Amino acid sequence: MKIDVQLNGRPEDAAVRARELVALGADGLFTFEGAHDVFVPLVAASTVTSADLMTNVAIALPRSPLHLAHTAYDLQTLSRGRFRLGLGSQIRPHIEKRYGAQWSKPAARMRETVLAIKAIFAAWEGQAPLKFQGEFSTHTLMPPTFNPGPNPYGPPEICLGALGPLMTRAAAEVADGLLVMPFNSVRHFRERTVPAIEEGLERGGRSRSDLSIYPQVIVGVGRTPDELAAAARGVRGLLGFYGSTPAYRPVLEVEGWADVQPELNALSKRGEFAAMTELIDDDMLGTLAVHGTPEQCAAQIVARFGDHADRVCCYFPGYPVSDAHVAEMISAVKAAR
């Protein structure tokens, strides 16, 4: 099983940190759309490591499919064929109030974005004229001046982040890969995600081999009691943040914790973040994340995802994770597989 880890930090530090993470055993590096641009750190990393690279995720709704296609194509060239374009929709308040963009029909828009980018790639590869006319965007003009021509490594894979059934079906229908959201559980994945995947594949006339599945997991790793306690606090903080969002209620609902979501939401609106963390009990921590020594976390990752995927994206949120522990966990995952 391959392990991808998040490339954090400022863009000017990305190249050095990328080399460090690869030295720990990471097979791939991904970036998050946070305080810095999601693409720039991967540009820095592309020429200094041989790791796979991915946006996880680039928010698609405020961006033009053509902008995304150009950036992805160039990163595919810079990385010599090691780039995956991971796309996500975000939630309405962020799209409208942070990005200043339009929100409507997110699953339909994401489905169309993937199809539009693929149509642009096909035109650049010389496979077909650019004649994409969708509900939300139209792409029918590509003079030679703006056409980069065939990519020497082929078009990059396009992955779609999804949690709910509509977005999961869209990903399975048209994308090359599904990024399973990190706020998840084994039961939710089996009972809700897998059926939606099957429906999407059938709708797109595709087989299971046409879709790569990339589970993502929130990891709290440590060895000493103090390290494990700090890791648990960090993980609980992220779980509380996710759980406060109505879109993530289905995961809690499947596990019998639906009543916790409104409480988390109310606390978040009052800025009572410490109280949110306290609502995430040990059962939630162990169900929605992995927590323990490097060997224990590795065993949990393999047990949960070994039957569904051959690579996993790992987050280490809100606590000072030791590079040595990350390396030991990656080594233990690979030994178990």
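Visitor: Where should I start with the largest pocket, and how much space lies in it?

Guide: Start with its volume and then its lining. In this predicted model, about 1300 Å³ of space lies in the largest pocket. Its lining is made of 45 residues. Nearest the centre are Gln-90, Ile-91, Met-181, Tyr-242 and Tyr-248.

Visitor: Which elements give two or more residues to that lining?

Guide: They are helices H4 (92-98), H5 (106-124), H6 (165-174), H8 (225-243), H10 (260-269) and H11 (273-279), together with strand S8 (157-162). H4 gives the most, with four residues. Domains can be read here too: domain 1 (2-217 + 306-328) and domain 2 (224-292) each provide at least three lining residues.

Visitor: How many residues of each class are in the lining of the largest pocket?

Guide: Sorted by class, there are 26 nonpolar residues, 14 polar and five charged.

Visitor: What is the volume of the second largest pocket, and which residues lie nearest its centre?

Guide: The volume is about 230 Å³. The second largest pocket has 13 lining residues, and Gln-6, Asn-8, Arg-17, Phe-316 and Val-321 lie nearest its centre. Strand S1 (2-6), helix H1 (14-23), strand S12 (311-315) and helix H14 (323-336) supply at least two lining residues each. By class, nine are nonpolar, two polar and two charged.

Visitor: Now helices. Which residues of H1 are buried?

Guide: First the general idea. An α-helix has 3.6 residues a turn, so residues three or four places apart point the same way. In H1, the buried residues are Ala-14, Ala-15, Ala-18 and Leu-21. They lie on the same side of H1 because they cover an arc of only 125° around the axis. Against these buried residues pack S1, strand S2 (28-31) and helix H2 (40-46).

Visitor: What about H10: which of its residues are buried?

Guide: Val-260, Gln-261, Leu-264, Asn-265 and Leu-267 are buried in H10. Viewed down the helix axis, they fall within an arc of 165°, so they line one face of H10. Their packing partners are H8, helix H9 (249-254), H11 and helix H12 (282-288). H10 also belongs to the elements that give two or more residues to the lining of the largest pocket.

Definitions and conventions
Residues numbered from 1 in each chain as written. Predicted model: local features only at pLDDT ≥ 70, side-chain atom pairs only at ≥ 80, totals over all residues. Heavy atoms only, no water. 1 Å grid on protein atoms, 1.4 Å probe; cavity = no way out; pocket = protein on both sides within 12 Å on 5 of 7 lines; lining within 4 Å. Points joined across faces, edges and corners; volume = space filled by probe spheres on them. Nonpolar A, V, L, I, M, F, W, Y, C, P; charged D, E, K, R; others polar. Domains from an automatic or database assignment. Buried < 20%, exposed > 50% of the residue type's maximum accessible area, 1.4 Å probe, protein only. Arc of directions from axis to C-beta. Contact = heavy atoms within 4.5 Å.
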